[in-house]
Amino acid sequence: MTRTTPPPPRVVIVGGGLAGLATAASLVDRGLRVTLLESRPRLGGRASSFTDPTTGELVDNCQHVSMVCCTNLADFCRKVGIEGLFRREPAITFFAPDGRTSTLKAGLGPAPFHLGESFLRSKHLRWRDKLKVAYGLARLALDRRAGEDGVEPFADWLWRHGQDVRTMNLFWGPVLVSALNERLDRMDPGMARQVFVDGFLMNRSGFQMEVPSAPLGELYGARLETWLRDRGVEVRLTTGVRSIDPEPEDPSAVGSVTLRNGETIEADFVVASAPFDRIAGLLAPSIRERLPDLDALRSLESSPITGVHLWFDRPVCPLDHVVAPGRFLHWVFNHTALQGRGSANGGQYLQVVISASYDLLWMTKDQIRDAVLADLAEMWPAACEALLERSWVVTEHGATFAARPGVATLRPPQRTPVDGLFLAGDWTDTGWPATMEGAVRSGYLAAQGVLEDLDRPEKLLRPDLPPDRLARRLLSRRENRRDARFEPDFEETAYEPTGGSET
Ligand SMILES: Cc1cc2nc3c(=O)[nH]c(=O)nc-3n(C[C@H](O)[C@H](O)[C@H](O)COP(=O)(O)OP(=O)(O)OC[C@H]3O[C@@H](n4cnc5c(N)ncnc54)[C@H](O)[C@@H]3O)c2cc1C
């Protein structure tokens, strides 16, 4: 008599954005059958590129940057072998309204005071602005309950703590609107605090940017596809899922997914990592009714980002990247310097970002492009003489969930009450804003859940950057963080630096 061994458990991942990719990457080589289903013809989700039909080159939907404090994204990039395709930027350059530039970089002193020296030298703020900002920062850092009422927007918190229009326009806005993709008058104070505390104050290098040196389509598209396929993951592109269905005999357990073409794929586990506004529509009614947490997603809103791509016939911007407080445009990234692109015939390729671009939704693409060009002409005279050879204006209306007050209460956990069904995506409860780091964290948490259910528990979530001793003593607020459950003590965990080279 021959005994047949049952096939290994099958995990079906719905959505090939960073959350789905992180889930897949952490489940390979574990004897599972992993299938990744993505409705578009490419992987990467919101962090992807499109092909310019005239030149055939990859153009990112928008510039994506991360910070050194994004330890799980760094771990993911290391795991899949793309860590060398990022440049670590030790300083953030500010372009003052009067044309002077200054840089924010780590100087003397331990965190949280390591940025103090360069902040005091910054040229876009006057001395009285700096004093106000320093006071506001100290109050924010010490306000461990900021945002807990779930009602007050951060702009109101700032007014209550001595800030004015100047400090909001020249300091708080430029840092936070880009980081959280939300306006100050609609922003959750708890998330604002998290950006400053975890990103800028806890660790000397946490604020440094990691900027891709290759298009997103190459990073999270082609390379990831090859890496996953080489490790046995079945990657199916242009494969939309119509519904996630229960076991025929047991409505409390997930059993299969049905594709838009009618095909059914049986599954022991399903990780649903589609965007938050699609997820409920993918669930069979008997599953949907077991997930009351998803009702709150109806109150989750989206926030737009606009990216403007400009190819000039000559160099216009003398910097690699710059943030421009008080202007229509927010950031300029020089892709000729960062990625060596657009330099044929001596030209320059710039990517401009405008976050939380609600006010641009009524403008035409030409109007947006012209407003950006007007800013560039004021910033650098070369832009007046340069010929604009081509351009793209891309507004992603649903770029991120809106980081409004109380948003934390709307985000469901990765584990659901339905056996075998997990959620992933930057919108799930990770304690992080809608970022690549948040998406990867959610994927790791979903994969952790799968392994737990297989009685092979393993910690996949990486620890935060270790805070400097003084910063930890002054600022720590671990008790409210979702990942605190996985990190019993800062001192027990060691941070491994990523591949980004520090200059
Ligand atoms: C313009 C822009 C700029 C940004 N800038 C930054 C930045 O600088 N730094 C940063 O950290 N983050 C940035 N973000 C946010 C970041 O891109 C996201 O947080 C992250 O990529 C989300 O990943 P995700 O996997 O959660 O979701 P998504 O990337 O949305 O992935 C979901 C996937 O599911 C697929 N899908 C949907 N429905 C189905 C279905 N029925 N069947 C199969 N597949 C389906 C979608 O096609 C998609 O590929 C930016 C986002 C945008 C849009």
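## Close-ups of a predicted model

Figure 1. Why quote an area here? The size of an interface is often given as the accessible area lost when the parts come together. On the domain 1 side, Arg46, Phe50 and Val211 are the trio to look for: they supply 41% of the area that domain 1 buries against domain 3, more than any other three residues. The contact involves 16 residues of domain 1 and ten residues of domain 3. How many salt bridges are there between domain 1 and domain 3? The count is zero.

**Figure 2. The three domains of the chain.** Domain 1 is pieced together from residues 8–51, 71–84, 211–300 and 407–503, according to the domain assignment. Domain 2 covers 104–207, and domain 3 covers 302–401. The C-alpha centres of domain 1 and domain 3 sit 32 Å apart.

**Figure 3. A salt bridge between Asp426 and Arg46.** Arg46 turns up again here, this time paired with Asp426 in a salt bridge whose closest N and O atoms are 2.9 Å apart. Asp426 is in the loop between β20 (421–423) and α14 (436–453), while Arg46 is in the loop between β2 (33–37) and β3 (49–51), so this pair ties together parts that are 380 residues apart in sequence. Across the model, the count comes to 37 salt bridges.

**Figure 4. Helix α2 against helix α14.** Two packed helices are described by the angle between their axes and the distance between the axes. For α2 and α14, the angle is about 70 degrees and the axes are 7 Å apart, so these two helices are roughly perpendicular to each other. From α2, the residues in contact are Thr71, Asn72, Leu73, Asp75, Phe76 and Lys79; from α14, they are Met436, Glu437, Val440, Arg441 and Tyr444. Sort the residues of this contact by type and you get five nonpolar, two polar and four charged.

**Figure 5. Helix α2 against helix α8.** Now look at α2 (residues 71–79) beside α8 (residues 216–230): their axes come within 11 Å and cross at roughly 60 degrees. The two helices are therefore oblique to each other. Leu73, Phe76, Cys77 and Lys79 of α2 touch Tyr220, Leu224 and Trp227 of α8. What kinds of residue make up the contact of α2 with α8? Six are nonpolar, one is charged and none is polar.

Figure 6. Most residues other than glycine have a negative phi, and most peptide bonds are trans. Check the bond from Ala111 to Pro112, though: this one is cis, with omega near 15 degrees. Pro112 belongs to the loop between β8 (101–105) and α3 (116–121). Then there's Asn345, which isn't a glycine but has a positive phi of about 60 degrees. You'll find Asn345 in the loop between α11 (335–339) and β18 (348–354).

How values were computed. Residues numbered from 1 in each chain as written. Predicted model: local features only at pLDDT ≥ 70, side-chain atom pairs only at ≥ 80, totals over all residues. Heavy atoms only, no water. Axes fitted to C-alpha atoms, helices over the stretch in contact; angles between N-to-C directions. Helix = DSSP H or I, 4+ residues; strand = E, 2+ residues; numbered from the N terminus. Parallel < 35°, antiparallel > 145°, perpendicular 65-115°, else oblique. Contact = heavy atoms within 4.5 Å. Nonpolar A, V, L, I, M, F, W, Y, C, P; charged D, E, K, R; others polar. Domains from an automatic or database assignment. Buried area = accessible area lost by both parts, 1.4 Å probe. Salt bridge = Lys/Arg side-chain N within 4 Å of Asp/Glu carboxyl O.
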